[in-house]
Amino acid sequence: MSREEANKDDKFVAMVSAKAEVDLRLSDYTPRSELKVASHTIEQPRFPVIDYHNHLDAQSPQDMLRVMDACGVEKLVNITMKTGQAAIESIDRFHRAAPDRFASFGWMDWSGIERADFIQLSMDRLERLVEHGACGIKFWKDLGLTVRDASGALLRIDDQRLAPLFDKAAELKIPVMFHTADPDAFFTPIDRLNERYEELAAHPDWSFYGSPVPKASLLEQRDRVIAWHPKTTFVAAHLAESSENLSYVAKLLDSHPNLYVDISARTPELGRQPYTARKFMLKYADRILFGTDLIPEVEMYRLYYRFLETDDEYFEYPSHASRQGRWNIYGIFLPEDVLRKVYRENALKQLNATSR
Ligand SMILES: [Zn+2]
């Protein structure tokens, strides 16, 4: 009898080689975990928290304060996505309501880019934002991907014409936040191999697959700007948009002492690689800022605390409604000294730099 013939009749071989094709729709498949493991709700964080990355234009200060008080958030940073007078109004609305509980970031305003004096105009706008209490300025992923100069050419992140703006930020003692590019899966086809398939199916416009500028090139342009302006403090949002590759983020932090990263919206990434994430957070505790980038809600904050403080296993990550991918996360039980820095002290250093 040949080996194949023998295998065909064997119950064990049959059992371990069985496969099935199923026609359950992916959207209908919502398995429940049957794991019985320890589970903790962290109602209050170990130390007061500063959420360094949020967007509050659509929120009311009173609603925010209720959430903040319920779950130990000392301060919320409102990165306004508005520009011009509307930005000033959004900033003022929160500062008037509770100056100690809110801080603000401006949003790079590309209107008028066709003007010959655009850089001077932008520097004046930056000054005005800071006069109104802004503690930073955010450059979004549109820079590098869609913003075009007067000639119609894509504006590179490392275009030398922008250099005076980054120097101006140093002079005003405010950090520049970069959200450059997006997760790796957003640059690959939306197909059966894409680990964020359902999220991209819900938001096909989030995909940059086929973009003329590859992700690696966008990150290179950004990293060059960080190197060229050592006196400017940079915050690379969402773990420098490289949370799938923390060794790259580590190298970046090693090469640029003027760089910080925030963990906003990247708990799903960190929590699925808990050993690597924990080592990374311990080593770079002085350079990592807590942020959420999700609508402030009590349960959302408590999931962040559970991830950072406990060793709970296999639980749901905080996320927007379409989720990021079909996996769960593991807590990384950070020690007190690291929690204190990440939750609060690193952010305080940034916010106090403007000494306002
Ligand atoms: Zn954001």
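**View 1. Contacts of histidine 229 in the predicted model.** Histidine 229 touches Ala163, Phe166, Asp167, Phe234 and Asn258, leaving aside residues up to four places away in sequence; contact means heavy atoms within 4.5 Å. The residue lies in the loop between α9 (215-228) and β6 (234-236). Helices (H or I, at least four residues) and strands (E, at least two) are DSSP runs, numbered from the N terminus. Histidine 229 counts as buried because its relative accessibility is 6%; buried means under 20% relative accessible area, exposed over 50%, and partly exposed in between (1.4 Å probe, protein chains only).

This is a predicted model, in which local features need pLDDT of at least 70 and side-chain atom pairs count only at pLDDT 80 or more, while totals for chains, interfaces and linings use all residues. Residues are numbered from 1 along each chain as its sequence is written, and side-chain values use heavy atoms, with hydrogens and water left out.

**View 2. Surroundings of methionine 281.** Methionine 281 belongs to helix α13 (residues 274-283) and, at 0% relative accessibility, counts as buried. Not counting residues up to four places away in sequence, it touches Ile263, Ile288, Leu308, Ile332, Leu334, Val338 and Val342.

**View 3. Helix α15 and its bend.** The 18 residues of helix α15 (residues 336-353) should span 26 Å at 1.5 Å a residue, and the end C-alpha atoms are 24 Å apart, which agrees; the expected span is 1.5 Å times one less than the number of residues. At valine 342, α15 bends by about 50°, the bend being the angle between axes fitted to the seven residues ending there and the seven starting there. Buried residues of α15 include Val338, Leu339 and Val342.
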